[in-house]
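Grab a pencil and work through these exercises with the model open beside you. Try each task before you read its solution.

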Amino acid sequence: MMDVYSQSEQWSKDQIEQTQLTRLRSVIDRARKCDFYARRLDAAGIFADSLHSRDDLTNIPFTTKDDLRAQYPLGLLCVPQSEIIRLHSSSGTTGTPTAICYTQNDLNSWADLVARCLYMVGVRREDVFQNMSGYGLFTGGLGFHYGAERLGCLAIPSGAGNSRRQIKLVKDFGTTVAHILPSYALILGEALRAMGEDPQSLPLRIALVGAEPYTEEFRQRIEKLFAIKAYNSYGLTEMNGPGVAFECQEQAGMHLWEDAYIGEIIDPETGKTLPDGEIGELVLTSLCREAMPVLRYRTRDLTRFLTGECACGRKFRRLDRIRGRSDDMLIIKGVNVYPMQIEQVIMTFPEVGQNYLILLENQGVADQMRVQVEIRDEYFADDMRVMQQLQKRIANRLRDEILLTPKVEFVQSNSLPKSEGKAVRVSDLRRKN
Ligand code: AMP
Ligand code: ZN
């Protein structure tokens with residue numbers, strides 16, 4: 001019997017585009033049920049039947065994070081309040097939060113999308129799925145949980161942190177699949193080693209890794225450490241949460257589920273659509289959400305659509321690894337630097353352990369950047385010259401990548417602050433004036 005979740009292999013390009021147009025029309029109708037979109041769409045002259053092709057979407061004004069904040073808490077609700085049964089909130093730590101509500105249908109279609117992702121990478125109902133991400137308002141908890149249950153896995157809601165308990169559960173219940181934040185995956189591996197255990201001896205075979213930016217080098221470390229496959233998972237609260245785009249077994253970009261979301265890449269300065277292959281800001285429109293549809297949402301995530309077809313045969317376009325958010329960009333001595341450029345360099349050094357922190361400070365009138373990196377115990381040397389040479393090699397490689405020479409500082413394994421949720425990679429202590 002063919003499983004319903006293998007259907008993603010069957011969609012043709014035409015079928016995807018037809019579905020997008022039909023669903024786009026109905027989402028326009030639905031969005032008009034809240035004042036915010038009714039006013040916006042009226043002003044732009046957009047009605048469901050004025051859309052003749054999917055590309056007419058570009059006439060719809062963008063929705064920004066500030067719009068969502070201004071409509072907090074329920075300004076974007078398009079169904080009676082009695083119909084909403086769940087609420088999640090995005091993980092931003094500053095400013096007014098944003099809240100996203102779900103109807104029962106929203107929760108069902110979300111669980112189906114997550115189940116489809118899991119199925120795509122080879123997860124089946126016989127698997128034991130351990131969700132090592134925070135529950136609560138963060139969508140990575142319940143989102144993955146219901147997806148795994150929908151597929152029929154045993155879902156263990158182990159939550160974030162507490163490495164000893166995680167490892168015990170993995171062993172006792174034979175966990176084969178884990179959802180885990182990249183930063184936590186390496187911390188867990190080190191915790192195992194510290195307990196004198198071999199991370200490769202666990203029954204784990206697959207990790208679903210996402211929710212924060214990380215580099216290909218980081219993925220390879222996770223795969224090597226546990227001898228597993230790690231698949232990239234992308235989502236955001238405004239579009240349900242996880243299950244928006246996901247890597248297939250080819251590990252060559254994340255298929256965007258275009259029957260549920262329309263993706264565009266725009267030039268963040270001009271707002272103009274960019275062709276596939278060019279890097280810009282990802283803009284997403286949710287096609288299936290009832291409670292709070294969001295149209296042309298500016299995610300601030302920087303990526304591109306990969307050109308050509310995936311070897312797996314799926315026709316859903318693929319997003320490249322997220323390079324970071326446009327608001328992650330650091331301006332240091334006038335030079336633009338993304339934290340992921342730094343991670344990419346330092347993670348190629350085997351001496352570097354699982355954690356790092358970028359510190360920005362004022363030094364007189366100039367900015368100073370320090371990169372603190374944890375060094376694995378076996379490489380920590382008493383010989384100052386050995387350590388200084390390594391520091392120099394790392395600093396030189398960083399200079400080649402970012403055109404600045406940061407001060408590289410070594411700290412011991414496990415000494416940098418750990419976060420239970422998304423990792424904090426930058427500490428900006430510069431005076432703002
Ligand atoms: P939240 O809605 O709080 O869960 O945050 C969503 C944001 O997390 C996205 O807009 C991205 O910036 C980031 N994110 C999620 N998944 C990934 C991923 N696989 N790679 C990079 N960043 C990600
Ligand atoms: Zn593929």
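Before you start, a definition: helices (H or I, at least four residues) and strands (E, at least two) are DSSP runs, numbered from the N terminus. This is a predicted model, where local features need pLDDT of at least 70, side-chain atom pairs count only at pLDDT 80 or more, and totals for chains, interfaces and linings use all residues. Residues are numbered from 1 along each chain as its sequence is written, chains are lettered from A and ligands numbered from 1 in the order in which they are written, and side-chain values use heavy atoms, with hydrogens and water left out.

**Exercise 1. Find where Lys 333 and Leu 403 sit, and decide whether each is buried or exposed.**

Step 1: Locate them. Lys 333 is in the loop between strand 14 (330–332) and strand 15 (335–337). Leu 403 belongs to the loop between helix 10 and strand 18.

Step 2: Check the backbone. Lys 333 has a phi near 50°, which is positive in a residue other than glycine. Leu 403 isn't a glycine either, yet its phi is positive at about 65°.

Step 3: Apply the cut-offs. Buried means under 20% relative accessible area, exposed means over 50%, and partly exposed is in between (1.4 Å probe, protein chains only). Lys 333 has a relative accessible area of 54%, so it is exposed. Leu 403 is exposed too, at 65% relative accessibility.

**Exercise 2. Work out the strand order of the open four-stranded sheet and how its strands pair.**

Step 1: Know the rule. Two strands pair if DSSP finds at least two bridges between them.

Step 2: Read off the order. It goes 18-17-16-19, and the pairing is mixed. Strand 18 (407–412) and strand 19 (426–428) are at the edges with a single partner strand each, so one side of each has no neighbour in the sheet. On average, neighbouring strands here are turned by 20° against each other, direction ignored.

Step 3: Take the pairs in turn.
- Strand 16 (residues 352–363) and strand 19 run parallel, joined by three bridges; Ile 358 is opposite Val 426 of strand 19.
- Strand 16 and strand 17 run antiparallel, with nine bridges, and Glu 361 faces Gln 368 in strand 17.
- Strand 17 and strand 18 are parallel over six bridges, with Val 371 opposite Val 408 in strand 18.

Step 4: Follow the chain. Going from strand 17 through helix 10 to strand 18, it makes a right-handed β-α-β crossover. Right-handed means that, with the strands pointing away from the viewer, the path from the first strand over the helix to the second runs clockwise.

**Exercise 3. Describe how helix 6 and helix 7 cross, and which residues make the contact.**

Step 1: Get the geometry. Axes are lines fitted to C-alpha atoms, for helices over the stretch in contact, and angles run from 0 to 180 degrees between N-to-C directions. Those of helix 6 (residues 163–173) and helix 7 come within 10 Å and cross at roughly 80°.

Step 2: Name the angle. Under 35 degrees counts as roughly parallel, over 145 as roughly antiparallel, 65 to 115 as roughly perpendicular and the rest as oblique. So helix 6 is roughly perpendicular to helix 7.

Step 3: List the contact residues. Contact means heavy atoms within 4.5 Å. Helix 6 brings Ser 163, Gln 166 and Ile 167, while helix 7 brings Tyr 184, Leu 188, Ala 191 and Leu 192.

Step 4: Zoom in on Leu 188. It lies in helix 7 (residues 182–194) and is buried, with a relative accessible area of 3%. Leaving out residues up to four places away in sequence, Leu 188 touches Met 132, Ser 163, Gln 166, Ile 167, Ile 180 and Phe 226.

**Exercise 4. How many disulfides does a search of the whole structure find?**

Step 1: A disulfide is a pair of cysteine sulfur atoms within 2.5 Å.

Step 2: Count. The search of the whole structure gives zero.

Step 3: Cys 248 is buried at 0% relative accessible area, whereas Cys 312 is partly exposed at 26%.
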